[in-house]
Amino acid sequence: LSESGVPQLVQPMIWDYAADLDVESKVHLIEKYRRCGFSKVWFASAFKGATGVNQSLTLIGHHLKNHLQWLKVASSSPAEVLEGIALTGWQRYDHFSVLCELLPVAIPSLAVCLQALKNGGYSEKVKEDVEKLLGMSNLETDTFMR
């Protein structure tokens with residue numbers, strides 16, 4: 001890879017939607033990319049659509065945990081290596097599948113994930129900020145929103 005010149009042309013994106021994302025293995029992968037000459041990498045997470053082909057409601061806690069793990073990867077890697085994070089919101093698993101988690105039911109998850117990334121974590125203050133932004137009285141992250 002180093003000799004091919006590819007690392008000067010592209011930036012790899014590391015995808016993982018798991019709530020228990022393995023931080024150590026991602027840091028190791030970033031080190032491998034750097035040794036090959038890639039100076040920047042991207043992360044890819046999801047705020048919806050990554051927990052089941054027929055999922056109709058978004059479990060915010062799953063996506064929040066994923067983003068908190070990505071923050072750990074970022075803090076365990078050299079600061080200059082992360083170019084950005086793509087928050088994906090999958091609508092279906094393939095073109096032959098039914099739709100999953102329409103955007104309106106996932107907006108609270110998107111807001112929580114964005115605020116957690118913006119604030120470097122999740123706290124009661126972040127929760128209150130999201131509730132205020134969305135006009136909600138009780139944001140639930142560990143159960144499906146009512």
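Reader: What are α2 and α3 to each other, roughly parallel or roughly antiparallel?
Author: Angles under 35 degrees count as roughly parallel, over 145 as roughly antiparallel, 65 to 115 as roughly perpendicular and the rest as oblique. The axes (lines fitted to C-alpha atoms, for helices over the stretch in contact; angles run from 0 to 180 degrees between N-to-C directions) of α2 and α3 cross at roughly 20 degrees and come within 9 Å. Therefore α2 and α3 are roughly parallel to each other. This is a predicted model, in which local features need pLDDT of at least 70 and side-chain atom pairs count only at pLDDT 80 or more, while totals for chains, interfaces and linings use all residues; side-chain values use heavy atoms, without hydrogens and water. Residues are numbered from 1 along each chain as its sequence is written.

Reader: In which sense does α2 pass α3 in the crossing, left-handed or right-handed?
Author: A crossing is left-handed if the near helix is turned anticlockwise from the far one by less than a right angle, and right-handed if clockwise. α2 passes α3 in a right-handed crossing. The contact (heavy atoms within 4.5 Å) involves Ile60, His63, Leu64, His67, Leu68 and Leu71 of α2, and Pro108, Ser109, Val112, Cys113, Ala116 and Leu117 of α3.

Reader: How many residues of each class are in the contact of α2 with α3?
Author: Ala, Val, Leu, Ile, Met, Phe, Trp, Tyr, Cys and Pro count as nonpolar, Asp, Glu, Lys and Arg as charged, and the others, Gly among them, as polar. By class, α2 with α3 gives 9 nonpolar, 3 polar and no charged residues.

Reader: At what angle do α1 and α2 pack?
Author: The angle between α1 and α2 is about 45 degrees, and their axes are 9 Å apart. α1 and α2 are therefore oblique to each other. Val23, Lys26, Val27 and Ile30 of α1 meet Gln69, Trp70, Lys72 and Val73 of α2 in the contact. By class, this contact of α1 with α2 has 5 nonpolar, 1 polar and 2 charged residues.

Reader: At what angle do α3 and α4 pack?
Author: Helix α3 (residues 103-119) and helix α4 (residues 124-134) make about 135 degrees, with axes 10 Å apart. That makes α3 oblique to α4. Their crossing is right-handed.

Reader: Which order do the strands of the sheet have?
Author: Strands of a sheet pair through backbone hydrogen bonds, either parallel or antiparallel. Two strands pair if DSSP finds at least two bridges between them. Helices (H or I, at least four residues) and strands (E, at least two) are DSSP runs, numbered from the N terminus. Here an open sheet of 3 strands has the order β1-β2-β3, with parallel pairing. β1 (13-15) and β3 (82-89) are at the edges with a single partner strand each, so one side of each is left without a neighbour in the sheet. β1 and β2 (residues 41-48) pair over 3 bridges, and Trp15 has Ala44 in β2 as its bridge partner.

Reader: Which strands does helix α2 touch?
Author: Helix α2 (residues 60-75) packs on the sheet and touches β1, β2 and β3; its direction makes about 165 degrees with that of β2.

Reader: How many salt bridges does the whole structure have?
Author: A salt bridge is a side-chain nitrogen of Lys or Arg within 4 Å of a carboxyl oxygen of Asp or Glu. The search finds 5 salt bridges. In one of them, Glu80 is bridged to Arg34, with the closest N and O atoms 3.4 Å apart. Glu80 lies in the loop between α2 and β3 and Arg34 in helix α1, so the pair links distant parts of the chain, 46 residues apart.
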